[in-house]
Amino acid sequence: MPHRFDFLVLGGGVAGLSLALQAARHGTVAVLTKRDRHEGNTAYAQGGIASVLSPTDTFEEHIQDTLEAGAGINHQDAVEVTVREGPERIRELVQLGADFNRRATGEFDLTREGGHSQRRIIHSGDITGREVQRALLESCDAQPNITFFQNTSAIDLILDRKPGPGIPGRCLGVYALTPEGRIERFLGKVTVLATGGAGKVYLYTSNPDVATGDGVAMAYRAGAEVANMEFYQFHPTCLYHPEAKSFLISEALRGEGGKLRLRNGQQFMDRYHRMGELAPRDVVARAIDAELKRTGDDSVFLDMTHLGRAFIMERFPNIYTTCKAFNIDMAVQPIPVVPAAHYMCGGVVTDLHGRTNVPGLYAIGEVAHTGLHGANRLASNSLLEGLVFGHRAAAICAEEIRSLSALKEDPPEWDEGSAVASDESVVVTHNWDEIRRLMWNYVGIVRTDKRLMRARRRLELLREEIRDYYWRFKVTRDVIELRNICEVASLIVDCASRRKESRGLHFTLDYPNTDEHHWKHDTVVRREL
């Protein structure tokens with residue numbers, strides 16, 4: 001028998017948990033997580049949450065900073081909604097027990113990050129995401145209407161019959177691989193994608209292993225519109241060390257006065273932007289990439305030594321401890337850093353309530369494209385987006401389930417056909433590695449038409465190999481993720497090939513200038529049904 005719920009949520013980060021908490025007031029909620037429920041991008045978010053919480057700050061300034069970082073293609077309404085509703089969502093989070101740093105006066109200890117004109121980043125040391133997730137999980141655990149299914153990997157969306165040519169059928173839920181190795185049906189009156197990003201599409205990333213673009217890939221296969229996948233944000237500063245697995249060095253370090261230097265100690269950011277180290281992330285990442293190519297060095301260095309050991313250990317305890325474990329004492333020596341894939345600014349197209357063009361399917365958080373980020377996400381707007389749109393989508397989902405009648409018949413069980421257990425898993429690991437390397441080399445921080453063409457040709461062959469493997473052998477989590485990163489990689493290449501200009505995170509040597517006349521719009525793609 002299928003698992004039945006009113007709300008089916010895929011993903012247990014800030015967006016999915018925020019929605020689940022609100023939705024539990026109106027019906028039963030299932031939250032599916034691919035690994036342990038604590039494992040996801042939210043838990044690794046270090047910097048904080050951007051919001052107007054100071055009397056010297058204004059909504060207008062936060063809106064303007066977001067628009068400027070987004071390089072002119074943000075959706076104004078999405079920016080307005082996020083910024084203006086942010087403070088109330090943070091107050092609710094505090095009421096749930098989230099603990100943020102405060103000054104002696106009791107006011108929030110606000111910091112500043114790149115692209116922000118004011119100190120408006122609320123934080124919990126340098127583990128803000130972990131603290132936000134802790135508060136939300138504890139609140140969800142207190143709700144009897146919420147059930148977690150951990151280590152459960154969604155394979156594909158279950159769709160009702162199409163009402164007509166080219167029109168997607170209603171989403172009824174998902175087929176998912178359980179920890180016991182069974183493929184079961186999880187049905188919901190509404191299905192919500194809160195699956196996060198796709199950093200594992202690239203060879204070097206700040207993201208955890210779960211970030212394989214599953215939500216975008218499943219939604220695209222179901223007929224959902226996907227937009228702006230060419231805008232993949234590379235965080236400028238990840239720890240460069242052979243034993244460190246892309247440990248993020250938060251932008252808050254530069255917000256507190258950290259200086260980027262070359263190996264010889266020379267600063268260089270003032271040559272690239274008037275805001276120096278506090279320039280938007282796309283500018284800083286390209287600057288570091290250019291300097292590494294020019295000098296041939298393996299990394300640049302983030303220097304915090306002038307701030308003193310006491311301040312560093314109090315403000316950045318987790319980063320300090322982690323660097324020390326790799327024999328880097330950031331109080332007396334600069335931290336070697338390089339850019340790495342960090343955040344997906346495109347995604348599944350939604351309205352301001354998380355609705356997609358597929359009936360019954362919603363998307364919130366990093367997996368969604370609301371138009372908030374434009375061509376480049378402003379630092380610390382991501383946790384804010386998850387809080388705001390998780391809350392907004394929950395209200396509309398609750399309205400929708402009240403108007404729905406029960407299914408007349410259950411969708412069919414998963415058909416395994418003649419699939420057998422694989423005896424050549426090396427195909428999976430080889431293709432996984434090849435996709436990530438070609439994306440890093442050909443579709444990275446700087447692109448050209450020739451590189452994109454090479455990537456497209458190779459991805460087409462890889463998709464055929466993966467499709468053949470997928471249908472011949474029994475489904476495993478590795479195969480699910482491989483299939484999805486190949487789908488997302490192809491969407492990034494497709495969108496990047498269409499945009500004949502450089503804007504925000506998409507920089508191509510063939511079209512180095514921004515073209516406001518022809519390209520001030522989203523790049524939208526959709527699979528033919």
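Me: In which helix is the place of Glu487?
Reply: The model is predicted. In it, Glu487 belongs to a helix that spans residues 477–498. That helix is H14.

Me: Is Glu487 buried or exposed?
Reply: A residue counts as buried when its relative accessible area is under 20%. Glu487 has a relative accessibility of 9%. Glu487 is therefore classed as buried.

Me: Which residues is Glu487 in contact with, leaving aside its neighbours within four places in sequence?
Reply: Contact requires heavy atoms within 4.5 Å. With the neighbours within four places in sequence set aside, the partners of Glu487 are Ala217, Tyr220, Arg221 and Arg463.

Me: What is the geometry of the aromatic pair formed by Tyr204 and Trp440?
Reply: The count of aromatic pairs comes to 11. For Tyr204 and Trp440, the centres are 4.9 Å apart and the angle between the planes is 80°. An angle over 60 degrees is the cut-off that applies here. The pair is edge-to-face.

Me: How many residues apart in sequence are the parts that the pair of Tyr204 and Trp440 ties together?
Reply: Tyr204 lies in the loop between strand E8 (183–193) and helix H6 (214–221). Trp440 lies in helix H12 (residues 426–442). The pair therefore ties together parts whose separation in sequence is 236 residues.

Me: Which residues form one aromatic cluster with Tyr204 and Trp440?
Reply: Tyr204 and Trp440 belong to one aromatic cluster.

Me: Why is the pair of Tyr470 and Trp471 edge-to-face?
Reply: The ring centres of Tyr470 and Trp471 are 5.0 Å apart. Edge-to-face requires planes over 60 degrees apart. The pair is edge-to-face because its planes lie at 80°.

Me: Which relative accessible areas belong to Tyr470 and Trp471?
Reply: Tyr470 is buried, whereas Trp471 is exposed. The relative accessible area is 5% for Tyr470 and 58% for Trp471.

Me: Over which ring does the charged end of Arg37 sit?
Reply: The charged end of Arg37 is 4.6 Å from the centre of a ring. A charge must be within 6 Å of the ring centre to sit over it.

Me: At what distance from the ring centre does Arg377 lie over the face of Tyr343?
Reply: Arg377 is placed over the face of Tyr343. Its distance from the ring centre is 4.1 Å.

Me: Which residues does Gly365 touch, not counting residues up to four places away in sequence?
Reply: Gly365 is in the loop between strand E15 (361–363) and strand E16 (368–369). Its relative accessible area is 7%, and Gly365 is buried. Not counting residues up to four places away in sequence, Gly365 touches Ala15 and Glu385.

Me: What is the radius of gyration of the protein chain?
Reply: The protein chain has 14 helices and 17 strands. For 529 residues, a compact globule would have a radius of gyration near 24 Å. The value for the protein chain agrees with this, at 22 Å.

Technical notes:
Residues numbered from 1 in each chain as written. Predicted model: local features only at pLDDT ≥ 70, side-chain atom pairs only at ≥ 80, totals over all residues. Heavy atoms only, no water. Phe/Tyr/Trp six-rings, centres within 6.5 Å; stacked < 30°, edge-to-face > 60°. Helix = DSSP H or I, 4+ residues; strand = E, 2+ residues; numbered from the N terminus. Buried < 20%, exposed > 50% of the residue type's maximum accessible area, 1.4 Å probe, protein only. Lys NZ or Arg CZ within 6 Å of the ring centre and 35° of its normal. Rg over C-alpha atoms; globule rule 2.2 N^0.38 Å.
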